[in-house]
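Dear colleague,

Please find below the structure that I am handing over to you. I would be grateful if you could read the notes that follow with the structure open beside them.

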Amino acid sequence: MSINLAQMAASAFIKSFYISPEDWGLLNEPPSQAVSERVLQLLQRARTTQRLFETSIRYPTTVLAYVLDEYANARRKVIAEAFINALTVGWNSGPGFESVATKPMELQSHDPLRYAGDMLAWLHQASASEREYFKSLTSDKVETGLMQDCLNNITNGLAYPLQLRLEQLLVTEHSAVLLYKINNILQFYSSVIMNILGEKCTVYATLSELQSLSWNLFISALHQETLNLLTENEFPRHDFLPSVSALEACRLLEAILTCQDMSYAAPDVRQTKCEQVSLRVRLTLL
């Protein structure tokens with residue numbers, strides 16, 4: 001009986017979230033008494049929904065968990081569709097069913113750095129918004145563990161399409177400098193997503209795997225580029241200055257290390273990365 005009641009409560013709770021396209025269209029209507037009355041009704045319904053959730057918090061944890069599962073299922077479908085639309089159709093950062101104002105992100109696939117940055121920025125914005133929605137809805141009275149589990153259920157639908165596109169981007173890129181920049185971006189957004197969703201989140205685990213993959217591919221590309229610069233045997237110069245190939249290798253190292261400002265990692269992590277990059281180039285030159 002308690003499960004049936006919980007299911008009915010969860011179903012009513014989810015239905016209370018629905019806002020019709022006509023109601024969204026009120027945002028574009030000129031101010032009038034009719035519009036004001038309808039907006040007031042929607043605000044009252046939102047307040048009623050919040051009180052319903054606050055009431056469910058007082059019930060046993062199993063009932064609350066069931067309600068959160070229903071909420072997460074509904075939000076997961078919405079956010080997954082929104083991400084696919086942002087990739088293939090375009091999206092609007094404003095509220096409601098307004099006309100699309102941005103181009104599809106996949107149109108930028110020829111620019112790997114921007115393409116990866118756009119996807120990760122969208123993920124960051126969506127994750128932060130879902131967290132704020134949840135905290136506002138529950139008046140920040142739900143345990144952190146339950147909140148993180150709910151947010152994980154909502155966002156785990158984004159992990160596969162994100163991983164699929166970023167892996168394809170990484171394995172087809174052979175520029176060491178560009179791979180290093182992408183690794184820096186992945187490192188930054190990994191830490192941001194961890195702070196928002198927690199360490200056990202599927203999206204965070206996916207970003208960590210992609211960061212590790214990008215670093216390994218970067219090291220391989222750096223080694224190969226340095227070897228390519230040293231393919232031609234050059235006699236020592238009479239003035240004992242470095243050879244042209246050695247200078248080119250140093251310029252490659254300089255180009256990589258100047259990208260370090262893009263990384264928001266801790267100072268010790270940045271120092272470790274710099275040492276690894278320098279060591280790789282030095283070993284190849286020897």
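Predicted model: local features only at pLDDT ≥ 70, side-chain atom pairs only at ≥ 80, totals over all residues.

I begin with the core. The largest nonpolar core comprises 58 residues. Within this core, the residues with the most contacts are Leu-207, Phe-218 and Ile-256. Two or more residues each come from helix 4 (61-88), helix 5 (112-137), helix 6 (144-155), helix 7 (159-171), helix 8 (176-197), helix 9 (202-229), helix 10 (244-257) and helix 11 (267-285). The greatest contribution is that of helix 8, which supplies 13 residues. As general background, nonpolar side chains tend to be buried together in soluble globular proteins.

When neighbours within four places in sequence are left aside, Ile-256 is in contact with Ala-176, Val-177, Tyr-180, Phe-218, Leu-222 and Val-277. Two of these residues, Tyr-180 and Phe-218, return in the next part.

I turn now to the aromatic residues. Across the whole structure, the search finds 6 aromatic pairs. One of them joins Tyr-180 to Trp-215 in a tilted arrangement, with 6.4 Å from centre to centre and 50 degrees between the planes. Because Tyr-180 belongs to helix 8 and Trp-215 to helix 9, this pair ties together parts that lie 35 residues apart in sequence. Tyr-180 and Trp-215 are both buried.

Tyr-180 also pairs with Phe-218: the ring centres are 4.9 Å apart and the planes meet at 45 degrees, so this pair is tilted. Here too, distant parts of the chain are linked, since Tyr-180 lies in helix 8 and Phe-218 in helix 9, 38 residues apart. Phe-218 is buried, as is Tyr-180. Together, Tyr-180, Trp-215 and Phe-218 make up one aromatic cluster.

The last item is Ser-127, which is located in helix 5. Is Ser-127 buried or exposed? Its relative accessible area is 1%, which is under the 20% limit, so Ser-127 counts as buried. The side chain of Ser-127 reaches the backbone oxygen of Leu-123 at a distance of 2.8 Å. Not counting residues up to four places away in sequence, Ser-127 touches Thr-155, Ile-193, Ile-196 and Leu-197.

With kind regards

Methods. Residues numbered from 1 in each chain as written. Heavy atoms only, no water. Core = buried A, V, L, I, M, F, W, Y, C linked by side-chain atoms within 4.5 Å. Buried < 20%, exposed > 50% of the residue type's maximum accessible area, 1.4 Å probe, protein only. Helix = DSSP H or I, 4+ residues; strand = E, 2+ residues; numbered from the N terminus. Contact = heavy atoms within 4.5 Å. Phe/Tyr/Trp six-rings, centres within 6.5 Å; stacked < 30°, edge-to-face > 60°. Polar contact = N/O pair within 3.5 Å; in protein donor to acceptor, adjacent residues only side chain to side chain.
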